[in-house]
Structures are given as structure tokens and as C-alpha cells.
Amino acid sequence: MNKFIYLDNAATTKIDPQVFETMRPYLEEEYANPSSSYTFAGNIHAKVDDARSSIAQFLGAKSSEVFFTSGGSESDNWAIKGVADSLSAKGNHIITTKIEHHAVLHTCEFLERHGYEVTYLDVDEYGLVDPAKFEAAIKPTTILASIMFANNEIGTIEPIAELGKIAHDHGVVFHTDAVQAFGHIRIHVKEMNIDLLSASAHKLNGPKGVGLLYIDSKVKISSLIHGGSQERGRRAGTTNAAGIIGFGKAVELADARLEETNAYETKLRDKLIQRVTTEIPYVKFNGDPVKRLSNNTNFCFRFIEGESLLILLDSNGICASSGSACTSGALDPSHVLLAIGLPHEIAHGSIRFTLSRDTTEQDIDDTVDTLKKIVDRLRNMSPLYEDFLKKNKEA
Ligand SMILES: *Cc1c(COP(=O)(O)O)cnc(C)c1O
């Protein structure tokens, strides 16, 4: 099989050809700096504003509440460091969860080294945050909560509106890393009690290197990137005009296709889950079966290493992930799988397949067929499996 199957859409997506075509003029002919005052820059400036207002509308926000950044990681850093700094006189306590992306976790760890106190909430076996536990963790010194909308490894969707309501009842600013959810789930920031939201274009068929932070106009936040007066003086750096215009187009397409894409992906996702869990023995399916991103599957295959599985899948032209792209290569099992209570030896055998609207039923069937062979082969070489079979025989 020489075909190439891409099932790592949580790591990044292919740019949509329409997005690419929309961006092209702003890289070629209309290359002016949108902050310049001559006529040559005027149209670009207007196009950036159009992108801002259509994205704001998609979120149920005002244009003046949308700030463009270099991506999800910067937005998470800005939200957390910016609120921690601006509210430091009020308190030093931040609440987050054990299953956040490293852009949130490592930012919180940085703040702990600078005098802040951070509570990392546990999640249940499906990866869900318990709203009652969240409320119980709030203290008089709590200034910020940062809880992801949907998990990038196991696809679990958190009860964001409910968590946001609790935060607001206690005067706590509420941030959500919605990088996996934005463009995939309908989000209305005001109805969902969200004060700050991070998103990234390359997770929804847009270009890499552009993201946004939505900041409710009532929220006090310090700047992260200091310099020029771009983004209304809040985020310096020459405007990534082509990127932002492409982001706007990606959002427009995601909006128009959202329900259709979700229905299509859900059908393929459920087929993949069904085949893997019935045709391969000793498999654990991870994440919530219902409150789940339409394109995410995550499995643990007992007695084998996720990394070995990945290498053999790769040699068969299949791109998947053994957790988050940022940790592959690291020997520690995923912090998300440990947080949902999996023992180390099982968490090590995890694989994530994330689909897109370009994934076909044939891709799913080919992947499962290949996976069955690979799992078999690796288990036959696994001393763990041999021990297990021996014990089973004795019992
Ligand atoms: C990809 C991702 C990020 C990082 O976004 P970048 O734009 O790649 O910096 C942050 N959080 C989550 C949940 C992600 O999936």
C-alpha cells in the first residue's frame, strides 16, 4: 500500500485551497504593511478588519474584543500571564486542570515560580471536569480559571457554559483554550460565560502562525508582546495580514460547513471506534463516548508501545499520533491519559487518530486493516504479552 493517509488533524490540518487563494494576493501584490497610511495599504487594512468582524460575529463577540496573535500558544500565554499580572493586587490563585495543553500547563508552572498559586483540577475517567469540584476550589484569592473547551488528546468536551457561570458567580475571570473546539463546535462567548478564548487558524484548515484571543471588554489584561501599537495597542508586531485574512476565510468556511462536517466525521469516527474495539482484543477506548469532538478517537493497545505502533503505521503511510505532537519523542506517557486514571503501562500504548472532512471510508478501513496486522505483529514480539498468555493458561 503506497497510499498516504493523514489522521493527525488535531496536530494540524491542511490549508483549504479556498483559504490559500484568498491569502495569495496579500503575499504577492498587496504586500503593504496594513498600519501604513498610504492608499496602497488601505485595502489590506480593510480586509483585516473584515476578517476581525466576521470572526467576532461567529463567536458572538464585538470586533473590538478580537485580538490576533501568532497562534494558540501565544493566546494561552497572553490570557493567563496577562490576567495574572493585571489582577495581582486582588489575588494570586489560578485554577486550571490536569489535562490542559502544555501551552496552559507550562504557563501556569511559570507563574508558580513567580509567586502565584495554581490548583490543577482532577478529571474523571472520561476526562470531564466536575463543576462542583471546580466551585469548591475557588478561594477569595482566586483571580482566574483556565479550562479547555475540548481536549486535544482524547476529544472530551467540557461543560464550559456551566463552569463559566460558576466562575462568574464568584467574580473569577474565565478563560478557555478552545483551539480544538473553535470552528468545530458552535461557540457563543457571551451565552457561554467566557471572558477569554484562545483559537488557532491551522486547526481549522487555515494557515499556521495565526491565532486569536477573544477578550471580553470588561476584562483587565496586561499585554504580553510589547512594542508597536498594532491590535489597538494591546499586541505589538507587524500585522500578519495574509494570515489573518486566511483565518477569516477559514472561519467562514467552517461556519458554512460545520453541521455537515460534524455529521460526516461522526459517522467515520464511530465506524473506526466500532471496528477497532470489536476486531482487536485488549483495546481501551479513551475519552467520553458522547461529549466528544466529532473527529477524535484515542485508543490504548495493551502490551505494546504507542511509539512502536506509530513507526509501523508510518511505514505503511499512515500518520497518527501517540498523544500530543508536542510530547512525542518524550518517554513519559501522556499527562492526559494519566489524569483519566490509566496506569503507566497501559497509557504507553496509546494512539490518537483524528479525522477531517477529507478522510474517506476507505481510509478508515485501510487503517483498521493495517492496524490489526501491526498490533498482532508487535504483540507477538512483546514479552508482556507472552507473560500474559502464560498466566492466562495457568489460571
Ligand atoms: C494546537 C493546540 C494549541 C497550540 O496552538 P498553536 O497555534 O499550535 O500554538 C493549544 N491548545 C490546544 C488545545 C491545541 O490543540
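With which residue does K190 form a salt bridge, and how far apart are the closest N and O atoms? The partner is E65, and the closest N and O atoms of the pair are 2.8 Å apart. This is a predicted model, with a mean pLDDT of 95 for the protein chain. The model also holds a ligand, which 13 residues surround.

**Confidence**
- A pLDDT of 70 or more is reached by 97% of the residues of the protein chain.
- Residues 324-328 have a pLDDT below 50, and this stretch makes 10 contacts in the model beyond near neighbours in sequence.

**Ligand surroundings**
- The closest of the surrounding residues are S73, D177, Q180, S200 and K203.
- By class, the shell around the ligand consists of 8 polar, 3 charged and 2 nonpolar residues.
- Helix 3, spanning residues 72-86, gives the most to this shell, with 3 residues.

- S200 places a polar side-chain atom 2.6 Å from an oxygen atom of the ligand.
- For K203, a polar side-chain atom lies 2.8 Å from an oxygen atom of the ligand.
- G72 takes part through a polar backbone atom, 2.8 Å from an oxygen atom of the ligand.
- The protein buries 87% of the 390 Å² that the ligand exposes when taken alone.

**Salt bridges**
- Across the whole structure, 25 salt bridges are found, among them the pair K190 and E65.
- That pair links distant parts of the chain, with its residues 125 apart.
- K190 lies in the loop between strand 6 (173-177) and strand 7 (196-200), whereas E65 lies in the loop between helix 2 (39-59) and strand 2 (66-69).

Note on methods
Residues numbered from 1 in each chain as written. Predicted model: local features only at pLDDT ≥ 70, side-chain atom pairs only at ≥ 80, totals over all residues. Heavy atoms only, no water. pLDDT = per-residue confidence, 0-100. Contact = heavy atoms within 4.5 Å. Near = heavy atom within 4 Å. Polar contact = N/O pair within 3.5 Å; in protein donor to acceptor, adjacent residues only side chain to side chain. Areas by Shrake-Rupley, 256 points an atom, 1.4 Å probe, with all protein chains shown as cover. Helix = DSSP H or I, 4+ residues; strand = E, 2+ residues; numbered from the N terminus. Nonpolar A, V, L, I, M, F, W, Y, C, P; charged D, E, K, R; others polar. Salt bridge = Lys/Arg side-chain N within 4 Å of Asp/Glu carboxyl O.
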